[in-house]
Amino acid sequence: MAYKLLGRLAYGSRYNKVPWGQRVYVRPGERLVREAQWRLLLRQAPIMSLAEYQRQRPLGEIEEFLSCMMCGESRQQPLFTPTGGKGWRYHVVRCPSCGFLYRNPNVRPERLGDLYATGYSNFLTGKYAANRQRRYDLTMRSFAPVFDEGKERRLLDFGSGVGLFLELAEQRGFDAYGVDLSPESVEQANQRLSRARTYFGAPEDVPEIAAGGFDVITLWSVLAHLPRPLEDFQRFRSLLAPGGVLLILTVNARSLLLKAYGSAWSGFTKNHLMFYSSETVRTLLGRSGFAGVAFAPHYGDTIEAGTTRLPADLVARLRRNVELSDGGNMMRVLAFADEEAIGRWGGGPLTVHRLHS
């Protein structure tokens, strides 16, 4: 409430018509205030042993306590307690060594399917899905020419949902496959698709997928759902052909919106387990055997599609603050399997960060 009052005093009503997701990027001086607010939170939040943390938190039936998946640090820095409709609630901690944010206690891998067993496809085909294909298209454009032509190239969409992206991959000529943990979504996807096919389960359960040789693997809003990311990414690396790439779209744990709204951040949803920044996703990719990574900023779908109602001066300010702060509320990542992939796809406007010296 204090921040809202200060905002009204500082800015009046000038920015009242600017959506909340854009407001922190366009109000003068707010980026610096939110960054200072974040630094203060990290200084004040306690750091404790895992044993001490366990004594303070109840453990649900499908949950387990974790140490940091990125660096192995067992100490915990509790930061947030997101809550939502139908009574869900969980705790998010920060690793004091590497800064990784994750839910703790977390969901046990063997119970992950419980989150998607029923009703999840309805969520994906409702209001949430209205502009998904536009977002996919904008992200593919930001990594052109990787997705421009799919002829004679194999693609795996991991966590393929109801097939919204596989439909686009078909149109671009890819030999496309998908896997998902929601049987309802798999059924709906295969009704939607012409040539592409999607399967229920894990990649190793499907012979056509387990054989590997994929030129592209995509994870659209999937990374935050993975309870054992290192194991999964080692598997993705093994499924890629020489010269292959992996695309990630995920919520950004360095987002200025997270720093502004804390537990109310839009990235804290019921099924999200882990939250990555550009630093921690590099750690994940490097430990999984990838050779390099590139990032593309996310200014927001309406900004990039040219449909925003923001005046031109505020659009320019938003773009500038996204670039100066965190890259946007969503993080776009292109991971390169090997040097061949970097040579083939790493040119143009992309800056490739090599993961091994």
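Gln-76 is buried, with a relative accessible area of 0%; buried denotes under 20% relative accessible area and exposed over 50%, with partly exposed in between (1.4 Å probe, protein chains only). The model is predicted, so local features need pLDDT of at least 70 and side-chain atom pairs count only at pLDDT 80 or more, while totals for chains, interfaces and linings use all residues. Residues are numbered from 1 along each chain as its sequence is written, and side-chain values use heavy atoms, with hydrogens and water left out.

**Exercise 1.** Determine where Gln-76 lies and which polar partners its side chain reaches.

*Solution.* Step 1: Gln-76 belongs to the loop between β1 (63-64) and β2 (77-80); strands (E, at least two residues) and helices (H or I, at least four) are DSSP runs numbered from the N terminus. Step 2: the Gln-76 side chain makes a polar contact with the side chain of Asn-104 at 2.7 Å, and it reaches the backbone oxygen of Leu-66 at 3.4 Å. A polar contact is a pair of N or O atoms within 3.5 Å; within protein, one must be able to donate a hydrogen and the other to accept it, and residues adjacent in sequence count only if both atoms are side-chain atoms. Step 3: beyond neighbours within four places in sequence, the residues in contact with Gln-76 include Pro-46, Tyr-53, Val-93 and Tyr-102, contact meaning heavy atoms within 4.5 Å.

**Exercise 2.** Identify the edge strands of the eight-stranded open sheet.

*Solution.* Step 1: the order is β8-β7-β6-β9-β10-β13-β12-β14, with mixed pairing; two strands pair if DSSP finds at least two bridges between them. Step 2: β8 (197-200) and β14 (353-354) each have a single partner strand, so one side of each is left without a neighbour in the sheet. Step 3: within the sheet, β9 (residues 214-220) pairs with β10 in the parallel sense over six bridges, and Thr-218 stands opposite Leu-247 in β10.
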